Amino acid sequence: MSNYIPTIGVEVHVELKTKTKIFSNSINGYGEMANSLTNVVDLAYPGKAATILNCKIRRIMHFDRKNYFYPDISKNYQITQNATPIGYDGYVEITKSTGEKKKVYIEEMHIEEDTCKSAHRGTKTLLDFNRAGVPLIEIVTKPCMSDGEDVKLYLEKLRELLSFGDISDCKIEEGSMRADVNVSIRKNESDPLGTKAEIKNIGSISNAKLGVEKEIERQTKIYDAGETFKPQTRRFDDKINDTVLMRVKETGNDYRYFPEPDIPYVILTDEMIERAINSIPMLPDERREKYKKLGVSDINTEKLVANRSLSDYFNTLLDEKINHQIASNLLLGDISGYLNKNEKLITDTTLSKERFIELVNLIDNNTLTSKNLKDILDIVLESDKSIQTIIKEQGIENITDDSEIRNIVKEIINNNPESVNDYKQGHDRAIKYLMGQVMKETKGKANPKMAMDILTEELN
Amino acid sequence: MYLNKSIKEINELLKNKTIKPIDLVEEAFQNIENNRELNAYITLNKEEAIKRAKELEDKEVDNLLFGLPIAVKDNIITKGLRTTCASHILDNFIPIYDATVVEKINEKNMIIIGKTNMDEFAMGSSSRTSYFGAPKNPWNKEKISGGSSGGSATTIASRDLPFALGSDTGGSIRQPASYTGIVGMKPTYGRISRFGLVAFASSLDQIGPMTTNVYNNALLLNALVGKDEKDLTSVRREDEDFTRLIGEDIKGMKIAVPNYFMSDIVSKSITSKVKEVIELLKSKGATVDYIDVDYLENAVTLYQIIAMGEASSNLARFDGIRYGFSYENPENIEDVYLKTRAEGFGEEVKRRIMVGSYLLSGENAKVYYNKALSIRDDMRKALKKVFDSYDLIIGPTTTTTAYDLTDPMDDPSKSFMDDVLVIPVNMAGLPGLNLPIGFDDNKMPIGMQIIGNSFEEAKIYKLASYLEKELNLSLNPNGGEDNE
């Protein structure tokens, strides 16, 4: 097979998290054309999205009607933004596996209403109206990607940004994020772009990558055989892990776009844009940077960023003088286990910031062992009592009495002359064994740091 | 006979239980029956109206509109009551919800008597494009009632009942009101929710009241207005009583008459009647100036482009799939669309959809539609500017009085020219009212249009009621007595 240069562009539809189904903003009627937008709830979402995607934001915009006869749209026109997309000229940055950073350029981002979901069953088509009228944003990249990995990384980045921005839940499987990928190949950079195939119906990000690779392969074979093909729409079939032809594109689709007369012009003010920007939560890359600065391990950082609710919780602790690595261990370890088992969010528990800090410090100064923690965790997360009170009530307070521990240590030393001997011969293992005996004797209640100090002291 | 009394009198009679709502309803149906040949109605709501009247007997008479019969133009959606838009494509359509205006008149405990005849999908100016045949003018049954709200105009003019709703996209309330000698108001765009009004041209359509006199008109408008979350183009305004300026003196009012409105496009009998009114106004202390207003002569051209463009899209939903007429045994989905629409729509509607589709196709949208929008904006500004110096604009409503039902319909642009004086008001989103001011030599009514600035309907009613009183015309085609 010959080598061709692929050019790839992606169109992503994202369902907004809005409560209402329809466009519910409104300004004055025709003839007055005033600037007062009375309901900006829905516009905050696309406004935020445009900002997150580094787009320029259009101040004066309107909606357009896209006219076509098809059963998936009951009015036989779709409300969209053709002439004045809310966002344009943006980008997101991806990092390739080679470490190379690359910008994926956003051509434009517009608002439109979703259509019915059509399910084709043999000669029949079934229509699901549930999602019809749900507000969407469509994000269109420039044809600037060159392989399956680019597409995968772009979609992953987009999903991360939009879900962290509270714009959409971005569930590809449930259809709240849908990607259509346009693929063409050409021999030389100087050649015009090749014939385009659009891949639809992509059910996952990995399928997007696979679909692109398969499509490049398919087009290469065609050109290598000296043949050509018509612009077409294909769909990804996850049963055969390949793309199949849906339809050859008709040329000259005429959608008869014109400004939607049922929705007045929308004029975005500085205050509205500022409000949208201020409502953007801390984005993943900024979180990563902050966590690492506080000494959180790479693994924990990624795990936190992958869990929005724990990460938000962790963000409330950023300015606290605590051991953040321990705090992250705690959140991602036992607390995560509890939350998963009980199907709760951390915000559903009684673990206030103050009590969590107390917990972290008790572990940091060895007052509490990991076993102790396991014993009291349910109570910590389900009651309002202070951690100290819980420790006392559960009778698991560590033995921090110097003389009591010293007596036990002395007894252990006396009962284990061989190990003591081994230690003196320089075998480090021996002290661990002796320490284990101390903890066993105290049923794990001895403050481990104190016990170790006393043991070392007595041995020497 | 109670319906020819004033609304306040009827209200007193209802309050002191001299009469019941059922008496008014039965009288209305008797009148309609007597005038059946006028063909004002497409569907009567007899059973439901009687039931509703009986239900109201136990209710407190809580407002002036209580228990009063009203007719609704058949492009306004009524739950459970057939709504056809005078089209074959909807001749079996029974809606499952009420238009916002219908909810509002129900809240006032008014009683819907029936659905009035009209041009198919409000496309026409003589109601002759109706699938159900044209209504006839009560002043002369050989003449048109105008359109598209011809049925509502006919039933009000013939004194069947006191209230009707019409809709006005390019004069469809004011022009038939003028032809039949009644009061018809197209309020400011955005005053009244269009939710449930079957859209013809969304940026121009507005529902409005049609009545025998000015006071009733203002009273009904009170009940219809308000911001509606279901119509993004409806506007929130402070509550006001549109009757509040009725009875005030007009001394010092500044009134403008565009020269174009009095030019030779208008027949002499009409301009001379308007001039009489102008002299009257001057004699009563108002200032009346003839002025030039730019762009008025472009109104019809702009209207054709904008209204047909929007209509081609608005009527796309009638495809035979979910409701209405559907072609039987189609071969495929394309066949459903094509044959349902080919058989379901009448000629004028199909002509406008085709022209509208053409106007929006490809580059045409820029050349025609967008250009028209931009000139429309200039025209709006030119009209609005008049109100910097004047309270109101007046002029004739129509260029002629009602013409013969048998006049040819084969020149499509002729029907637009019927509306040349009323269309600019829709283009600018302004309120406009027709007031009867007299008759021509054939005893056909002549109407005068009063145009106000946005949201200044009350000022229009002030002048209209003043003139109504001064002119004191006998406006009952049956020759009976008229009360206020």
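A:Lys187 counts as exposed, because the number of C-beta neighbours inside 10 Å is 12, where exposed means 12 or fewer other C-beta atoms within 10 Å, buried means 20 or more, partly exposed covers the range in between, and the C-beta atoms are placed from the backbone. The residue sits in the loop between strand S11 (177-186) and strand S12 (197-200) of chain A, with helices (H or I, at least four residues) and strands (E, at least two) taken as DSSP runs numbered from the N terminus. Its C-alpha atom is separated by 7.3 Å from that of A:Asn3, although A:Lys187 and A:Asn3 are 184 residues apart along the chain.

A word on conventions: this is a predicted model, in which local features need pLDDT of at least 70, side-chain atom pairs count only at pLDDT 80 or more, and totals for chains, interfaces and linings use all residues. Residues are numbered from 1 along each chain as its sequence is written, while chains are lettered from A and ligands numbered from 1 in the order in which they are written.

Let me turn to helix packing in chain A. Two packed helices are described by the angle between their axes and the distance between the axes. The axes of helix H2 (residues 148-164) and helix H3 (residues 205-224) of chain A come within 8 Å and cross at roughly 155°, the axes being lines fitted to C-alpha atoms, for helices over the stretch in contact, with angles running from 0 to 180 degrees between N-to-C directions. H2(A) is therefore roughly antiparallel to H3(A), given that angles under 35 degrees count as roughly parallel, over 145 as roughly antiparallel, 65 to 115 as roughly perpendicular and the rest as oblique. Residues making this contact include A:Val151 and A:Leu155 of H2(A), and A:Ala208 and A:Val212 of H3(A), contact meaning C-beta atoms, placed from the backbone, that lie within 7 Å.

For helix H12 (residues 402-415) and helix H15 (residues 448-459) of chain A, the axes come within 10 Å and cross at roughly 50°, which means that H12(A) is oblique to H15(A). Among the residues that meet there are A:Ile405, A:Val409 and A:Ile413 in H12(A), and A:Ala451, A:Ile454 and A:Leu455 in H15(A).

What about helix H8 (residues 324-342) of chain A? With 19 residues, H8(A) reaches 25 Å from its first C-alpha to its last, close to the 27 Å expected at 1.5 Å a residue, the expected span being 1.5 Å times one less than the number of residues. Just after H8(A), A:Glu343 takes a positive phi of about 50°.

Finally, the backbone of chain B. Most residues other than glycine have a negative phi, and most peptide bonds are trans. B:Cys85, not a glycine, has a positive phi of about 55°, and phi of B:Ala86 is likewise positive, near 55°. B:Cys85 lies in the loop between strand S2 (69-73) and helix H4 (100-107) of chain B and counts as buried, with 31 C-beta neighbours inside 10 Å, while B:Ala86 is buried with 33 other C-beta atoms within 10 Å. The peptide bond from B:Gly147 to B:Ser148 is cis, with omega near 10°, and B:Ser148 is found in the loop between strand S5 (140-144) and helix H5 (150-157) of chain B.

Note on methods
Contact = placed C-beta atoms within 7 Å.
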